[in-house]
Amino acid sequence: MYKFFLFFSTLLLTNIIFSEPLMKPTSLSKDLYDIKILNGNYNENISHPDVFLDFEYGTRVASPAQIENSVINYAKQSDRIKVVEYGKTHEGRSLYAVFISSPSNIDNLDKFQQSLADLSDARKTNDNKARSIINSLPAVAWMAYSIHGNETSGADAALGLIYHLIASTDLEVTSMLDDMIVIVDPLMNPDGRARFAKSLEQYRGTAPNYDDQSLLHTGDWPSGRTNHYFFDLNRDWFYLTQPETQGRVPLINKWTPQIFVDAHEMGAQDTFMTGPAREPINTNMDRDLIKWGNLFAQEQASAFDEKNWRFYTGEWHEDLYPGYSFYVNFRGSMGILYEQSRMAEDGVRRPEGTIQSYKESVHHQFVSSIANLETLSRNSKAMYKDYWDGRKYNVSKDGKYANQTFVVLANNNHGRMNTLAEKLNAQGIEIFTNEKTLSVKDALTQTGEIKPEFTIPAGSMVIPNRQPEAPLISAILEFDAEILESVLVKERQATLRDGSSIMYDTTAFNLTMMYGLPAVTVPEHLNDGLKNWQPYSPTFEVNNDAVMWAVDGEDDLSVAFAARLMELEAEVRIIDKEAVLSNHTLPRGSVVVLAMDNPKVEKLSEKVESVAVDLGISVVSIESGFGPGELPDWGGRHFQLLTRPQIAILSHESFSSYDVGVSWWSLDHHLGIRHSQLNSSLLSYGDLRRYNTIIMPSGYGLDEADIANLKDWVNEGGTLIAHNSSSRMLASEFGMGSVRQVQQTFEKSEEYNIDLQREILALNNRINIDAVLSNKANIELSYPWESRQGKYNQLELSSRDKWQSLFMPSGAIVAGRTDNQHWLTFGSPSTLPVLYSNYPVLMTGGGSKAAVRIGELSQNTQVDAYRTINWSDIPPGNDLNVRMSGLVWPEAAQRIANSAYLTQERYGRGQLILFAGEPNFRAAALGTNRLWLNAVIYGAGLGARKAINP
């Protein structure tokens with residue numbers, strides 16, 4: 001028996017040790033490409049990248065931890081390198097800039113940086129000094145890789161590049177470094193890369209996978225492209241909302257590199273693309289950069305030709321939008337784009353039947369980097385001379401920027417103004433303020449009107465264009481980016497031919513419009529009577545014996561003030577009409593905390609002050625609830641009690657990761673309160689009663705059962721907030737509520753127009769008093785629908801809409817007309833710039849209300865009759881301004897005119913709030929973000945009859 005047991009145990013142990021549960025593959029991806037990437041003579045005392053990896057360099061994706069470990073160790077092994085940590089990601093990963101040069105240059109980095117600063121300001125440096133600086137300066141290159149985390153080959157190439165430059169003993173490398181500083185940013189998005197690297201681990205099989213549709217290549221929702229909050233970091237370079245760009249941009253600006261390489265990947269079935277860009281090119285960009293871009297591209301192409309690698313230049317790469325990494329172009333640096341076909345890891349089978357390996361894609365990025373550095377080495381001095389000429393032009397009294405000043409008008413939204421100042425300061429832009437009013441001529445407003453005489457109120461933000469960073473200032477603050485007529489012709493032709501576009505991104509990006517701040521452009525250089533801008537400093541007037549404490553509702557921070565106090569279990573109210581209490585003027589939307597509402601809250605005044613201090617918002621004490629005249633008193637209906645929101649965001653496969661991420665970030669950044677992100681599959685079985693506010697980011701794919709559950713939840717008192725495609729889905733596919741898309745309404749167009757006319761005429765504050773008081777019946781009354789001209793029937797409206805829908809914007813800013821009596825518009829101006837794209841065109845009717853419509857009504861006394869635009873009419877004495885900035889074809893302007901951007905309606909005991917667009921776009925649309933914050937924080941208390949008991 002014992003012998004049998006021993007034999008059985010030995011057999012079992014043998015099987016455990018030597019069993020192979022996975023079959024060996026018939027081939028390995030590392031065998032596809034046997035050319036060495038790092039092929040030179042290297043210092044044996046510096047570790048090869050293989051030492052830090054558990055695989056052969058270039059054959060697989062290095063993790064962020066492996067790249068970081070390599071960089072830290074290289075800093076200990078070589079005197080050619082200095083590693084600078086310039087920031088940390090949301091997930092706590094370090095961001096590094098790796099400075100590489102000769103030991104002597106590394107020791108003198110501070111001196112070179114100061115020389116670059118001197119060369120960049122022609123107000124302080126003359127031509128003789130500039131020539132001396134140029135003669136003494138080494139070339140400077142910034143080499144940046146993998147800003148999109150699932151575009152992995154760039155960061156792997158960066159690892160090899162760092163090793164090659166610090167370890168090579170070849171004369172061409174050491175000589176180049178004697179006259180060059182190479183700054184390698186090896187991993188711009190480690191959080192996204194970590195996410196994608198994890199998915200590679202999860203979906204890696206025993207055999208290589210060359211199918212670019214497989215999960216190994218695509219990854220899971222939301223993929224690794226974006227950072228922790230699902231932001232595309234390559235759209236954040238002047239919006240500066242994320243820690244990666246907030247840390248990176250100041251360091252880039254400090255060094256003003258001559259070239260800035262941005263290494264990406266693109267579709268797996270493509271080849272390799274590099275610059276220069278084709279039109280549209282932003283006209284604020286120095287045209288010398290295009291000249292140099294052609295030279296760099298030609299020499300990079302020669303390097304590819306030598307290796308028989310396919311490539312192309314330009315094609316779909318354009319440079320209109322200044323928010324890419326190529327914001328550096330506006331500062332005088334030359335951006336160079338790499339777009340390598342994405343191999344993920346194993347490789348990809350291509351249309352011609354060949355398989356391109358991951359290692360080859362890394363090699364493409366590596367060779368491109370070396371080629372660009374060699375071109376820079378040969379042309380650095382000439383590029384510096386062009387740079388100096390550009391810097392002189394920027395501050396010249398005779399240049400295009402000489403007589404132009406951008407002014408953000410004084411307002412009470414101090415939190416938003418401080419944010420704008422932070423972004424401008426980060427770009428080295430000089431900003432000022434006026435202590436007294438300024439009278440100017442021919443000021444241009446955001447809606448295109450020229451004011452012959454205009455008064456700039458004291459306390460405005462004044463930004464003269466004539467300063468060192470003039471091109472960047474103009475690019476982000478001019479109301480309209482110039483687009484050449486030839487480009488518009490090509491765009492229209494493409495649109496009509498097949499619905500395509502030559503525009504790669506938004507065509508409007510004016511920062512004041514995105515921020516929803518009032519601004520004008522003045523055609524002169526303002527410099528008299530100005531002082532340096534200082535951030536707004538809040539005051540905290542908190543008396544323990546006050547009957548209430550209040551914050552100004554025009555400041556966005558007031559929403560956070562309300563949200564955070566409610567989370568601390570305080571009762572909070574909001575004033576829906578301007579009030580004056582204890583000599584303090586409180587605009588509509590102001591938030592108040594009443595002592596009598598909170599008898600059980602200990603140290604209430606201390607909590608009020610603590611929250612205000614944390615947020616940086618001023619708070620005042622109110623000793624009496626009496627409002628003079630007809631202004632509200634504290635016991636009336638205008639002091640509405642809020643309900644604490646219990647918030648959920650629907651997420652995952654059915655929804656846009658960008659919109660989910662920016663909604664999630666907005667809650668964390670602007671409010672810092674608790675909320676839940678829910679997988680949309682939970683709608684079929686989860687307990688939605690835990691929430692009284694649900695956010696539906698732009699998405700698709702919910703089924704009837706999911707919608708039925710949401711309907712039941714809203715009926716019981718929930719507030720449902722939907723964006724873009726989700727609004728389209730609710731309005732059209734499921735018919736939830738009374739809001740519809742325009743193409744569904746032509747049968748009842750007259751009814752929608754009458755509802756619209758009621759809204760517009762309700763704004764009229766003039767009446768014919770004689771007619772009103774006459775005892776006789778007036779038989780000559782006219783009605784809106786009787787005097788309209790050019791009314792269209794249902795078929796005509798349908799035909800026009802189909803044609804107009806071809807021309808919808810690809811990202812333009814239009815004028816939003818706000819309902820200043822609706823609670824959703826607290827803190828918003830009467831005309832709100834709205835970023836608009838190919839969104840659902842929403843129509844309100846029945847019980848639904850339009851809190852924001854498209855089109856600003858402006859006075860035109862020469863028009864004495866109703867005029868028709870599609871289904872709607874413009875009343876006599878008015879024009880309708882739609883476009884504010886960017887490309888809005890006339891057909892699109894007609895289609896969206898008078899449509900609703902933001903709607904609200906009761907649904908059972910709850911409510912539906914629909915945004916036609918994405919109100920939190922790139923975390924930079926602060927004007928529409930305020931509408932969204934109002935909806936999220938105030939909706940449960942103001943729009944629903946009965947909140948769900950959480």
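Let's start with a network of salt bridges that links Glu-151, Arg-225, Asp-232, Arg-235, Asp-505 and Arg-922. A salt bridge here is a side-chain nitrogen of Lys or Arg within 4 Å of a carboxyl oxygen of Asp or Glu, and by that rule the count comes to 44. Before going on, note that this is a predicted model, where local features need pLDDT of at least 70 and side-chain atom pairs count only at pLDDT 80 or more, while totals for chains, interfaces and linings use all residues. Residues are numbered from 1 along each chain as its sequence is written, and side-chain values use heavy atoms, with hydrogens and water left out.

Now look at Arg-895 and Asp-801, whose side chains meet in a salt bridge at 2.7 Å, N to O. Arg-895 belongs to helix H25 (residues 890–896) and Asp-801 to helix H24 (residues 794–804), so this pair ties together parts 94 residues apart in sequence. Helices (H or I, at least four residues) and strands (E, at least two) are DSSP runs, numbered from the N terminus. Both Arg-895 and Asp-801 are buried; buried means under 20% relative accessible area, exposed over 50%, and partly exposed in between, with a 1.4 Å probe and protein chains only.

Compare that with Asp-687 and Arg-689, which form a salt bridge with their closest N and O atoms 3.0 Å apart. Here Asp-687 counts as partly exposed, at 32% relative accessibility, and Arg-689 is exposed, at 60%.

On to the rings. Those of Phe, Tyr and Trp (its six-membered ring) pair if their centres lie within 6.5 Å; planes under 30 degrees apart count as stacked, over 60 as edge-to-face, and the rest as tilted. The structure holds 27 aromatic pairs. Take Trp-142 and Phe-260: their ring centres are 6.5 Å apart and their planes sit at 15 degrees, so they are stacked.

Phe-304 and Trp-309 are edge-to-face, because their planes lie at 80 degrees, with centres 5.2 Å apart. Both of these residues are buried. Elsewhere, ring pairs join Phe-238, Tyr-239, Trp-316, Tyr-321, Tyr-324, Tyr-504 and Phe-509 into a cluster.
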